[in-house]
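Student: I have this model open and would like to go through it slowly. Start with whatever loop you like, and spell out the cut-offs as we go.

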Amino acid sequence: MNGIKLRGTGRCVPANTVTNDDLSRLVDTNDEWIAARTGIRSRYRCEKETLTELCVSAARDALHMAGITPADIGVCIVATVSADTVVPSAACMLQRALGLPEDTPCFDLNAACTGFVYALHTMECLLNASERKYGLVIGAENLSRITNWEDRGTCILFGDGAAAAVYRATEDDNLGIQSTFIAADGSGAEYLRMEALPVE
């Protein structure tokens, strides 16, 4: 299997910033306590923005940096646990917004914190079977809409935003990502848990 090489990146964050001082007015915490344990001073929180909008903006920046058009994309994967809808997927919403070719595999991947790494490896495998040699991977979350803002152990950790990367398959074994190792361990499942969202 050939490797892949990074060609472009993009990002998009909401307009609203939530500082540690802001959180101290919601739960029993303070800036010093949060920063000492996490290194986090602030995070972004969606108010009007949707996850799809964040993905589209980040993807456009990545495509621009890579110097390619949506028609060049052979695989599109969005790593997320907080898409706007379960069906259609965030990746399909992105496909429609960008105008990616209709024969492009587009799907979401749920692997929580390791989602981007899983998506990157999956994209690499699929890209080798595609006639178009560019892949688009996005890590995006709108976790603020599912965060318990009364739980000081978790609300300090999460924010919203999207990051996109465009990769190109390469036949040069000395270029790009040389190998990827992915695995999972479900033994600690009770420590960080989110119930399935109800269908409205």
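**Loops, pocket and cores**

Student: Which residues does T147 touch, not counting residues up to four places away in sequence?

Tutor: T147 touches C155 and F158 once residues up to four places away in sequence are set aside, where contact means heavy atoms within 4.5 Å. Bear in mind that this is a predicted model, in which local features need pLDDT of at least 70 and side-chain atom pairs count only at pLDDT 80 or more, while totals for chains, interfaces and linings use all residues. Residues are numbered from 1 along each chain as its sequence is written, and side-chain values use heavy atoms, with hydrogens and water left out.

Student: Where is T147, and is it buried or exposed?

Tutor: T147 sits in the loop between β6 and β7, with helices (H or I, at least four residues) and strands (E, at least two) taken as DSSP runs numbered from the N terminus. T147 counts as buried because its relative accessibility is 14%, the scheme being buried under 20% relative accessible area, exposed over 50% and partly exposed in between, with a 1.4 Å probe and protein chains only.

Student: What does its side chain reach?

Tutor: The T147 side chain reaches the backbone oxygen of L143 at 2.6 Å. That is a polar contact, meaning a pair of N or O atoms within 3.5 Å, where within protein one must be able to donate a hydrogen and the other to accept it, and residues adjacent in sequence count only if both atoms are side-chain atoms.

Student: And T104, what does that side chain reach?

Tutor: The side chain of T104 reaches the backbone oxygen of I73 at 3.3 Å. T104 is found in the loop between α4 (90-98) and β5 (106-109), and T104 is buried because its relative accessible area is 5%. Not counting residues up to four places away in sequence, T104 touches I73, G74, V75, C76, Q95 and R132.

Student: I73 makes me think of the core. Which members of the largest nonpolar core touch the most other members?

Tutor: Of the 29 residues in the largest nonpolar core, they are I73, C76, L94, L98, L136, I138 and V166; a nonpolar core is a set of buried Ala, Val, Leu, Ile, Met, Phe, Trp, Tyr and Cys residues joined through side-chain atoms within 4.5 Å. The elements that give two or more residues to this core are α3 (51-66), β4 (73-79), α4, β6 and β7. α3 gives the most, with 9 residues. Apart from this core lies another, of 14 residues, among them L109, A119, L127 and Y167.

Student: Give me a residue in β7, then.

Tutor: A162 lies in strand β7, and A162 counts as buried because its relative accessibility is 6%. Leaving aside neighbours within four places in sequence, A162 is in contact with residues including G10, C12, L54, A58 and I138. A162 and V13 are 149 residues apart in sequence, yet their C-alpha atoms are 6.4 Å apart in space.

Student: What about A169, which residues does it touch?

Tutor: Not counting residues up to four places away in sequence, A169 touches G3, I4, L127 and K133. A169 also lies in strand β7 and counts as buried because its relative accessibility is 10%. The C-alpha atoms of A169 and L6, 163 residues apart along the chain, are separated by 9.1 Å.

Student: Switching topic: what volume does the largest pocket have?

Tutor: About 1700 Å³, the volume being the space filled by probe spheres set on grid points joined across faces, edges and corners. On a 1 Å grid over the protein atoms alone, a pocket is an open set of points where a 1.4 Å probe fits, with protein on both sides within 12 Å along at least five of seven lines, and lining residues have an atom within 4 Å of a point. Of the 48 lining residues, V81, N110, A112, L143 and M194 are the closest to its centre. The lining divides into 23 nonpolar, 15 polar and 10 charged residues, with Ala, Val, Leu, Ile, Met, Phe, Trp, Tyr, Cys and Pro counted as nonpolar, Asp, Glu, Lys and Arg as charged, and the others, Gly among them, as polar.
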